[in-house]
Amino acid sequence: MDATARVWTLVDEKRSLFEALSDRVWETPELAYGEYRSCLEHRKMLDAQGFRITEEAAGIPTALVGEAGAGGPVIAFLGEYDALPGLSQAAGVAEPRPLPGDGYGHGCGHNMLGSAALLAATAMKDYLESQGVPGRVRYYGCPAEEGGAAKTFMVRAGLFDDVDIAISWHPASFTRVDEALSLANTRLDFHFEGRAAHAAAAPHLGRSALDAVELMNVGVNYMREHMPSSARIHYAMLDAGGIAPNVVQASAKVRYAIRARDLAGMRALIERVEKIAQGAALMTETRVASKVVSAVSNLLGNTPLERAMQHCLERLGGVPFDEEDYDFAAQIQATLTATDIDNDHARVGLAPWPRALHDGVVALDARGEPMIGSTDLGDVSWAVPTVQARIATHAIGTPGHSWQITAQGQAGAAHKGLVHAAKAMVATGLAALLDPSLIEAAKEDHAARLARTPYASPLPAELKPPIQPRPAE
Ligand SMILES: [Zn+2]
C-alpha cells in the first residue's frame, strides 16, 4: 500500500465520527462570529483526536487552531462552520419547509466544509504519527466566511506566517479543482445625516437623509454603464430614516458591497462611489460618513498545487454515490428550472451530465462561464500558496445559498462528498509533505504572482472583527 492509499484508509477509519460532526453542526446553525456551539464541536473533536489547541485565534472567540506533529513543513487545512439567515429548512425533504426557530440554516454547506477539513487534518496527523515522518499539520477553524471576512483578520494577525501550503474545499455540484476566480469585495456603510422637520408645515426647514440615499443609489446605478463588466455593486437600505412620511428623515444608512476582479480595481471603484455619496450629500445639504464593515481580496491561483490536486482527484475518481443519493438528488432537481440546471453545466463547461449528481472529475483545463462570488480564502491565498477543491455534495443545478442546499446537508451525498473532500485534501497535503520540490514550486509560483502585484490588506488598520456576544447557557 503506498502513502496515498494508506492515508485514505485512515480517512475511512474515522469517517463516521466526522459525518456525525457535520450533522451536529447542521443542527445548530449560527451566524458569522456567533458560532459558539459549532466552534465548541470542532474544539471537542480536536481534543478527542489529540491536537494541540489554540483557542480564540486572532482574538476571535469562535476561531481556533489545532496543530500536531513536529519539524518539517507546515500543511494547513482550513474549515468553516457558519450558517446563513433565512435558510432554515428540514433535512431530507424536497420542498421548502423551514424549521421553527430563528430561521438560520446551512444554506452554503459549511457544516460539511469544516468537518471534512478537520477529517483531512486528522488523517494527516495519524499518518505522521504512524510513520514517524517530520511535518506539522494544522486545522484552522475559520468563522464568519459569510460576510464577516474572518480569514482576512486572521491573515492580518499573522496566523499563516509560518504555513507552507494551505488547502481547503467547498461543497459544490461538480467535483474539480477550484478555478481560483473570485472577486475582491468591500462592504461599507454610508450614513447620511440631515435635519428633521414637519414634512407639511415646515418642509423648507428639513434636509432629508433618505433623499440623499436615494440620489446616491441613482448615481451609482448610472455609473454601472461605465465600470468594468466583471465588477459588481449591490446595496441594501439598513435604515430608511423611519416609517413616518410626515417627518423629514434626519438620518439614513445604506450598505454597499463593491466587488472587482482585483484589489486595485476595487479601490478605484470605492473612490468613485465615495464621490457619488459626496455628490448626494451636496445636493441635499446633508452630511455623509462612510465606514468599511468588511473586506476580502480576490483569490490567487497556484498552478503547481492545482496540478497536484487534480492528480489526486483523478486517482480518487468521482464521488461514489448510491441509488438512494441519485433518487433524492432527482427529487431536488424537480424543484429547479431547466435554466438552473443548464446554467450549472455552463459554469463548468460540461455537456449535460447524465445523472442528477456529478460522479466524475472535471478536467483541469475545462473552461466554462463561471459566475464569480467572493470569499475570504482570497486573503489566505495572498499570504501563502493555497489550493481549493470543489466536491460534489448536492444535485446539479442547486443554487448557492438556497433551501435546497440546507435540505441536502445531512443526506448520503453530503456524507460521501465530505469524506471524498477529506481524501482529496489530505492526498494533496501528503504530496507536498513527501515531495519538498512541490512546496518549492508552489512558493515560486506564489512569489512570482506577488512580484506582479504586492499584497496589502484590504482592511482599514483600525477595523476589528464584529465579535458577537456568547449566548447565555
Ligand atoms: Zn460557502
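Mentor: Let's start with a term: buried means under 20% relative accessible area, exposed means over 50%, and partly exposed is in between (1.4 Å probe, protein chains only). This is a predicted model, where local features need pLDDT of at least 70 and side-chain atom pairs count only at pLDDT 80 or more, while totals for chains, interfaces and linings use all residues. Residues are numbered from 1 along each chain as its sequence is written, and side-chain values use heavy atoms, with hydrogens and water left out.

Trainee: What makes Arg15 and Asp12 a salt bridge?

Mentor: A salt bridge is a side-chain nitrogen of Lys or Arg within 4 Å of a carboxyl oxygen of Asp or Glu. Here the N to O distance is 3.3 Å, so the pair qualifies. Both residues sit in helix α1 (residues 3-27), three residues apart, which is about one helical turn. Helices (H or I, at least four residues) and strands (E, at least two) are DSSP runs, numbered from the N terminus.

Trainee: Which residues are linked with Asp12 and Arg15 in a network of salt bridges?

Mentor: Glu19 and Lys423. By this rule the model has 26 salt bridges.

Trainee: What makes the salt bridge of Arg138 and Glu67 tie together parts that are apart in sequence?

Mentor: First the pair itself: the closest N and O atoms are 2.8 Å apart. Arg138 lies in strand β4 (residues 135-142) and Glu67 in strand β2 (residues 64-70), so the bridge ties together parts 71 residues apart in sequence. Arg138 is buried at 7%, and Glu67 is buried at 16%.

Trainee: How do you know whether Arg367 is buried or exposed?

Mentor: Its relative accessibility is 57%, and exposed means over 50%, so Arg367 is exposed. Arg367 meets Glu179 in a salt bridge at 3.2 Å, N to O. Glu179 is partly exposed, at 23%.

Trainee: Why is Cys142 called buried?

Mentor: Cys142 has 0% relative accessibility, and buried means under 20%, so the word applies. Cys39 counts as buried as well, at 7%.
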